[in-house]
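Here's a quick tour for someone meeting this protein for the first time. Have a look at the model, then read on.

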Amino acid sequence: MLIDIITIFPRMFAPVLNESIIKRAQEKRKVKVRLHDLRDYTADKHRKVDDRPFGGGAGMLMRPEPIFKAVECIMQNLKFKVKKTNSKIILLCPQGKTLTHRACKRLSKYKHLILICGHYEGVDERVRRHLADEEISIGDYILTGGELPAMVLIDALVRLLPGVLGDKNSLNFESFEDNLLEYPQFSRPASFKGLKVPPVLLSGDHKRIEAWRRKEAIKKTRSRRPDLLK
Ligand SMILES: C[S@@+](CC[C@H](N)C(=O)[O-])C[C@H]1O[C@@H](n2cnc3c(N)ncnc32)[C@H](O)[C@@H]1O
């Protein structure tokens with residue numbers, strides 16, 4: 001998968017991209033992430049990418065030209081042929097669809113993603129209407145920019161790419177698979193400050209353990225996220 005990120009703060013990404021599973025996924029060539037400084041695509045001599053909103057109002061908006069130009073350049077310079085069906089332009093936006101595990105699974109199938117990170121009061125509406133294929137929000141709250149949402153999205157997608165996680169079973173039993181939260185997990189010691197691990201987990205009886213886990217997953221989901229069971 002190739003991920004192109006359009007941002008005015010490309011340096012924000014280094015700590016996340018250069019650690020842990022995302023770092024290893026890039027080393028294994030499962031994903032390539034390229035950062036594009038939006039200011040490189042503006043004709044303004046001061047490299048300004050924002051302007052005042054028509055009709056007045058607080059704050060500044062990101063102008064459409066540099067964003068359209070950045071996307072056009074990225075698409076023109078792709079080394080491989082992408083069909084519209086395996087490439088997506090995503091605007092990170094609090095007004096978009098809230099990101100879910102299901103959406104991550106769907107997006108992880110694309111070969112190419114362009115992520116547009118907004119800032120200030122957001123982006124000119126024409127980017128939303130005429131450029132972005134999809135708008136994604138990471139929750140009902142407002143962040144200062146789309147960089148953290150883009151990192152959240154990349155993290156969630158990359159671990160779903162085949163061959164990225166060492167044990168692919170870790171994906172099968174996670175929360176939100178099967179519309180269930182994950183069952184309770186315990187590690188050593190079997191007794192800690194008098195708090196004991198459920199005996200069934202120490203029994204070595206895999207069938208019983210599996211049944212217990214399923215029952216506990218349903219119980220947990222029913223009490224915490226009944227909406228998932230609907
Ligand atoms: C301060 S926000 C703009 C909010 C906008 N004025 C509104 O009321 O919808 C600036 C940028 O941060 C990003 N952003 C903020 N919150 C977000 C969220 N919950 N999910 C995704 N992106 C978000 C978007 O890229 C947005 O363009």
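## Contacts and overall make-up

Among contacts in the protein with a separation of 6 or more, 76% are between residues 24 or more positions apart; a contact here means two C-beta atoms, placed from the backbone, within 7 Å. Keep in mind that this is a predicted model: local features need pLDDT of at least 70, side-chain atom pairs count only at pLDDT 80 or more, and totals for chains, interfaces and linings use all residues. Residues are numbered from 1 along each chain as its sequence is written.

You'll find nine helices and nine strands in the protein (DSSP runs numbered from the N terminus, H or I of at least four residues for helices and E of at least two for strands). The C-alpha atoms fill a box of roughly 70 × 40 × 35 Å along the principal axes. Of the 230 residues, 24% are buried. Buried means 20 or more other C-beta atoms within 10 Å of the residue's own, exposed means 12 or fewer, and partly exposed is in between, with C-beta atoms placed from the backbone.

## The five-stranded sheet

Five strands make an open sheet in the order β2-β1-β6-β5-β7, with parallel pairing (strands pair if DSSP finds at least two bridges between them). From one strand to the next, the twist averages 30°; axes are lines fitted to C-alpha atoms, for helices over the stretch in contact, and angles run from 0 to 180 degrees between N-to-C directions.

Inside the sheet, β5 and β6 (residues 112-117) pair over six bridges in the parallel sense. Leu-91 sits opposite Ile-116 in β6.

## Helix α6

Helix α6 (residues 147-158) lies across β1 (2-7), β2, β5, β6 and β7, at about 155° to β6. Its buried residues include Met-151, Ile-154 and Val-158.

## Around the ligand

Which residues come nearest to the ligand? Of the 20 around it, they are Gly-118, Gly-122, Leu-143, Gly-146 and Pro-149 (near means a C-beta atom, placed from the backbone, within 6 Å). Strand β5 (residues 87-98) gives the largest share of this shell, four residues.

Arg-188 and Pro-189 are joined by a cis peptide bond, with omega about 0°. Pro-189 is in the loop between α7 (169-172) and β8 (191-192).

Arg-29, in the loop between α2 (20-27) and β2, has a positive phi near 60° without being a glycine. Arg-29 is exposed, with 8 other C-beta atoms within 10 Å.
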